[in-house]
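Work through the exercises below with the sequence and the structure open. Each task is followed by a stepwise solution.

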Amino acid sequence: MDTKWKSNHKKRILTIIVLLCVTFGTILFFPSIQQRGEKYYQDEIQLYTQEANSTINEKFFSQIYKGCYVLYKEEQERVLGTQIKASELFIESYPTIDGYSQNELREMTNSRMNQILTSWTATFEDYRAHVDYSVLSDSGNSNTSNPLNTVQPDLFSDSDLTSYYKEIFTIHFTENGVMEVDVLYMQNTKVIDEVIKELGKIDRTEPLITDFIDTFGTDNSSIKIKKPHNFTVVFAVPRVSVSPNRYSGTGSEYINEYWVKLHAYRNAGAGLLYGVAFVLLLIFCLYMGSRRVWKDDVMIHRPGKYYMMEAAIMGVCCVFALLNSLVEMIWTQPQYQNIIQFFSVVFDRGLYEALIPVFQSACFLFVVYATWYISICFIRPVLVLGIKQYIKQYSLFYQIFPWLKGLWNRFIYEIQHIDFSEKSVHAIFKLVLINFIVLVVISMFWFVGIIGLVIYSIGLFYLLRKNYDKIRKDYRTLLKGVNCIAEGDLNTNITEDLGVFEPFRNELSKIRIGFKKAVDAEIKSQRMKTELITNVSHDLKTPLTAITTYIELLKKEDITPEERCSYIETLEKKSLRLKVLIEDLFEISKVSSNTIILNQMELDVVNLLKQVSVEHTEKFQQMGIDLRWNIPSEKVIVLLDNQKTYRIFENLFVNIGKYAMSYSRVYIDIRLFNDKTQIILKNISAAELNINADEITERFVRGDSSRNTDGSGLGLAIAKSLTEAQKGKFGVEIDGDLFKVQIEFPLLKKTNLHDSR
């Protein structure tokens, strides 16, 4: 840890040293830049002054010419005493353009002409403040108290006017609209002809038609313009005025001097100096963040340690915003041309006075360079991570945005999933509170708040419409699901999110499942009824057929006494089988109709199970079946009906005798738990068990599908019904050829019996 800290400490010291070197290296170039900058500045001021003394400016004379149209319109309105549209004064004939009717062209032309003169009037307002004029008429319009209205082109010699103005000229429109220019006085007599030529060139271009044609995007020469006629204006440029052809804007000489000086110092090398400094620091930053420096240590672009993306971008923007201030610092701070000048200041004013300007410049530059370096350090990881990952790992706003987005999504989810089975006061309160806060914020902006209210209303409209459309869509989805169920399609399951109808989807799913169970049960019941009729018919028909046959044989007189005895014995066996079948049907009928009567008593299931097995010992010995007992050595007392329980065990042992494989083992287990006893019988089937374990306990189902064995197929069904009637559980498991029956009964009382295993 100490080694790592020392390594990072050395990197910080190296960074500070590099920043100081770049700072003082920049200051060393200040004197040479200041010398060249002052020279460039004086040259540009001289050139600027020469340009300012010249009135040959196309934009200036273009605005003077357009001002004649503005003044002509004002003069006509003054004479008539009413407002006049520009189209009434300056349109002689309207254009013809394909695709437009005459009425449409007339309206478009009038509207555009009025717009052009309105624009010219607004622009000419800036020139009224710097150029004096006077309309030569009986009620001439003038913006000055100087007697320009008395100027006569042929007799002009007013020394007072020439001492105040440096340029005086008249623009006269004849009766036919022909423009004539008379230069009455010009400080620079060499440009008189150029002024006349410039105004003549502007007149020939006819700016009013040019601006009009730009509206339609086509050169249509069919429109004719009426120029001013019988109209004369005297224009004069004051000597002390800051004319618009020299200063664009407020007329402030200081602001223009600042920008001229800034441009001069940049050309003198200030821009290049700071550019080189920034590039050097950029290269140093890339080097300090490379593996050459960090080796196996954590590099500077380690993810997620600082959320400084926004601060770094602001730092870079601030550095670029200070570029003009850095250039200004070169000419505002006194510089030393050589070491002799520095010591001269030390001796005259002291060391403090000599060093303070350098120190101030150095501190300012160091802060700017440090801000640039640190900002680049935090922007640099974008080269490794990419823009997307960089924003995720370094943006502070991105860390807040997912939280705000999650908060908003939870709120929208609550609104869209209102549970109508519960009180929705909480969701409604949130909605009203948010609406109240938004309205309070909007109302704080007064008139501007109206615009915010309009935007909020539009957003609220789209939000409500979106939610309404979703509710309508969810309703249609729910209605479609209900219709499918109504039409009998019980396999349709609605998987879409139903919003406010979500509780109905769950209830509808329960209804669908309930209907499906009922339909499946009904189908199963119908199938069982069909099988019942088929099986009962088969099982009753077989012994009845045999009985009928042997009765016919007994009717014969030529039979021997031995044959007669044999026939009677067969009749007895078939009648007994028929009796057993009828008794089983009667037994299962009583169980199904819940009319069975139980005589429960304390019963030892171990003893009863052994008793039943004894009666089948001879049968099992003939088949070579070996019973393996795993039962408690003491009594297991359960509250059961002795006769019904005996029938359960009897049917199970009969089933073993019919279907168990000869010369195999049968396992009988009795297990005890705290509150129940479990009886398990397992045997290997002689035939392949290709039947489901749940179906084998149904009525008239046998282990052999050919139904060649004796029996009604009701043995396991009766055993299961009698077990469940006594609050027990009856289950069958089939694993290959292994057939397993598991019976559970609740114990009457706890015993301390142990398993004999």
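**Exercise 1. Is Met601 buried, partly exposed or exposed, and what is its relative accessible area?**

Solution. Buried means under 20% relative accessible area, exposed over 50%, and partly exposed in between, with a 1.4 Å probe and protein chains only. Met601 has a relative accessible area of 39%, so Met601 is partly exposed.

Before going on, note that this is a predicted model, in which local features need pLDDT of at least 70 and side-chain atom pairs count only at pLDDT 80 or more, while totals for chains, interfaces and linings use all residues. Residues are numbered from 1 along each chain as its sequence is written, and side-chain values use heavy atoms, with hydrogens and water left out.

**Exercise 2. Classify the aromatic pair of Phe620 and Phe653.**

Solution. Step one: rings of Phe, Tyr and Trp (its six-membered ring) pair if their centres lie within 6.5 Å; planes under 30 degrees apart count as stacked, over 60 as edge-to-face and the rest as tilted. By this rule there are 19 aromatic pairs. Step two: Phe620 and Phe653 lie 6.1 Å centre to centre with 45° between the planes, a tilted pair. Step three: the pair links distant parts of the chain, with Phe620 in helix H23 (residues 617–623) and Phe653 in helix H24 (residues 642–659), 33 residues apart. Step four: Phe620 is buried at 2% relative accessibility, and Phe653 is buried at 0%.

**Exercise 3. Which residues does the cluster of ring pairs hold?**

Solution. Ring pairs join Tyr65, Tyr69, Tyr72, Phe90, Trp120, Phe173 and Phe231 into a cluster.

**Exercise 4. Which ring does Lys261 lie over, and which ring does Lys676 lie over?**

Solution. A charge sits over a ring if NZ of Lys or CZ of Arg is within 6 Å of the ring centre and within 35 degrees of the ring normal. Lys261 lies over the face of Tyr41, 5.2 Å from the ring centre. Lys676 lies over the face of Phe673, at 5.4 Å from the ring centre.

Conventions: Helices (H or I, at least four residues) and strands (E, at least two) are DSSP runs, numbered from the N terminus.
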